[in-house]
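Here is a brief report on a model and its parts. Please look at the sequence and structure first.

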Amino acid sequence: MADIKSDALLDLRGVMCPINFVKTKLKLETMEEGEVLELVIDDGEPIQNVPKSIKEEGHKIVEVKKEKEGFFRLKIQKG
Amino acid sequence: MADHFIEDKSTKVAVNLEGMGEKVNFNDLKSGGFIKQRQKDLFAVRLRCPGGRLSTKKLVEISKIADKYSKKGVVHFSFRQSLEILYVDYKEFTNIVAELEKIGQKVASCGPRVRVPTACGGCEYNPNGLTDTQKMAEMVDQKFFGTPTPHKFKTSFSGCPIDCARTKEMDFGFQGVVEPVWDEPLCTGCTICAQACKEDAIVSDPDSGKPIFDPSKCIFCGDCIRACPTESWKAKRYGHTVRIGGKHGRHPMEAVEVCQFLPDGKVAEAIEKTVEWYNANGKRGERIGNTLKRVGLKNYLDFMEPVFKSGEAPLFKAPGK
Ligand code: HEM
Ligand code: HEM
Ligand code: SF4
Ligand code: SF4
Ligand code: SF4
């Protein structure tokens, strides 16, 4: 998949559930519909929980990259 | 044995009550729900709250009634989600029942019968929920509450395999499940589903990142479906895993699974037939788990076959390699 351009970046490595999701939500609220947020979250509990919650709030995960150092890079399009 | 003893005590309470005078209308007390406290003349009045839910309007009215009749001004949330008004004088039973009746609040039950069902939040508002547990509890309460059985008969509904409503400890329990199916063309190989699955039922293919699924490990929680960004994992069907013969108390027993994917529409029939079987086979004072041990699970399963065949375990077509 070609790299999708993002409009904002949020690095949430080391931020625990559910604060990571709340921060994501607050960030998305400042953005326009259709804009893309790049989100960096940890492996483990965050990657188990954050994508589900993002989907439930009606946003779209348009790209997922697993990085070797134990974290994920997600691109989220505001819904 | 222990069960027997306590149930006998409950009968004695009822008998003692009847000697207490004409002022109390004992027809109101038929269903039980009045529990003798250790304090002289005082009873706990247990309200019927299926699924542990009350409207706020009703709760406000109940508060007023509780405040008026509880000598100590306290209520207690019972372990089966019913509200109990404590320290009520038995001479006021008729009045308190009439006042509760006026706001549409019924009193719960004790003794050998189908009890008020318990339930978690389920899919209505709990993120993990797969089934509408509250709706089911309401339905069971309306259809079956108070039906006589050889001993108490407790049911519960959990919305997902986390099983907060403890279906494994119920006489008859229903736990929500979802069967996941994978649609390969939509999959981008992002590996999120393998991360989301806590049961190691999905591992990512080292090259493509796509899921390799081991159905024997799957507990049907749906985490993969909820996590997948591309809707590649989908819900094939929802249902209830049905468990029978569990109980708590002094000698707990774990329920056994008798149906994997019972559809919503078959729950009432499953309870009706199970109660029928229990009444035909159970001895007085015997929980259904012990009846099953004595008579044999096969006898029960043969009887239930017409209902349970609608929820047979899924035949998985393993995706991935
Ligand atoms: C006179 C008979 C009995 C009375 C008045 C009585 C009363 C109560 C009350 C007030 C509660 C809490 C409220 C509720 O869960 O709805 C309760 C819960 C409970 N009772 Fe009893 N009980 C009786 C017999 C028994 C017997 C025979 C057993 C088992 C051997 C038993 C086991 C339990 C258990 C395990 C709970 C916790 C909730 C549950 O697992 O369902 N009780 N009982
Ligand atoms: C403020 C108090 C509580 C909160 C916020 C809470 C919240 C939760 C949540 C969110 C779950 C789902 C677990 C998950 O998603 O992994 C859960 C499960 C459960 N809760 Fe609670 N709970 C509370 C108190 C209690 C109490 C007092 C009990 C028992 C007396 C209890 C018994 C259970 C049981 C048996 C489960 C099932 C799954 C498990 O063991 O992980 N909870 N609770
Ligand atoms: S059983 Fe599942 S749906 Fe029900 S409260 Fe627990 S976690 Fe939520
Ligand atoms: S439903 Fe999905 S997440 Fe849950 S156990 Fe099965 S494969 Fe794993
Ligand atoms: S099934 Fe969904 S979550 Fe799993 S790898 Fe494919 S796209 Fe990602």
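## Ligand 4

Ligand 4 takes up the space of the largest cavity. The model is predicted. Around ligand 4 stand 13 residues. The closest are B:Cys197, B:Cys218, B:Cys221, B:Gly222 and B:Cys224.

What classes of residue make up the shell around ligand 4? It has 10 nonpolar residues, one polar residue and two charged residues.

## Ligand 5

Ligand 5 sits in the second largest cavity. It is surrounded by 13 residues. B:Trp182, B:Cys187, B:Cys190, B:Cys193 and B:Cys228 are the closest.

By class, this shell around ligand 5 holds seven nonpolar and six polar residues. It has no charged residues.

Interface size is often quoted as the accessible area lost when the parts come together. Between chain A and chain B, the buried area is about 1200 Å². Carbon and sulfur atoms give 53% of that area. In chain A, the residues that lose the most area to chain B are A:Gln48, A:Lys52 and A:Lys55. Together they account for 47% of what that side buries.

The contact draws 14 residues from chain A and 15 residues from chain B.

## Salt bridges and polar contacts

How many salt bridges are there between chain A and chain B? The count is three. A:Lys55 forms a salt bridge with B:Glu231. Their closest N and O atoms are 3.7 Å apart. A:Lys55 is also among the chain A residues that lose the most area to chain B.

Six residue pairs are in polar contact between chain A and chain B, counting pairs with both residues at pLDDT 80 or more.

Key. Residues are numbered from 1 along each chain as its sequence is written. Chains are lettered from A and ligands numbered from 1 in the order in which they are written. This is a predicted model: local features need pLDDT of at least 70, side-chain atom pairs count only at pLDDT 80 or more; totals for chains, interfaces and linings use all residues. Side-chain values use heavy atoms; hydrogens and water are left out. A residue is near a molecule or strand if one of its heavy atoms lies within 4 Å of it. On a 1 Å grid over the protein atoms alone, a cavity is a set of points where a 1.4 Å probe fits but cannot get out, and a pocket is an open set with protein on both sides within 12 Å along at least five of seven lines; lining residues have an atom within 4 Å of a point. A molecule sits in a cavity or pocket if more than half of its atoms lie within 2 Å of its grid points. Ala, Val, Leu, Ile, Met, Phe, Trp, Tyr, Cys and Pro count as nonpolar, Asp, Glu, Lys and Arg as charged, and the others, Gly among them, as polar. Contact means heavy atoms within 4.5 Å. Buried area is the accessible area (1.4 Å probe) that two parts lose on being put together, summed over both. A salt bridge is a side-chain nitrogen of Lys or Arg within 4 Å of a carboxyl oxygen of Asp or Glu. A polar contact is a pair of N or O atoms within 3.5 Å; within protein, one must be able to donate a hydrogen and the other to accept it, and residues adjacent in sequence count only if both atoms are side-chain atoms.
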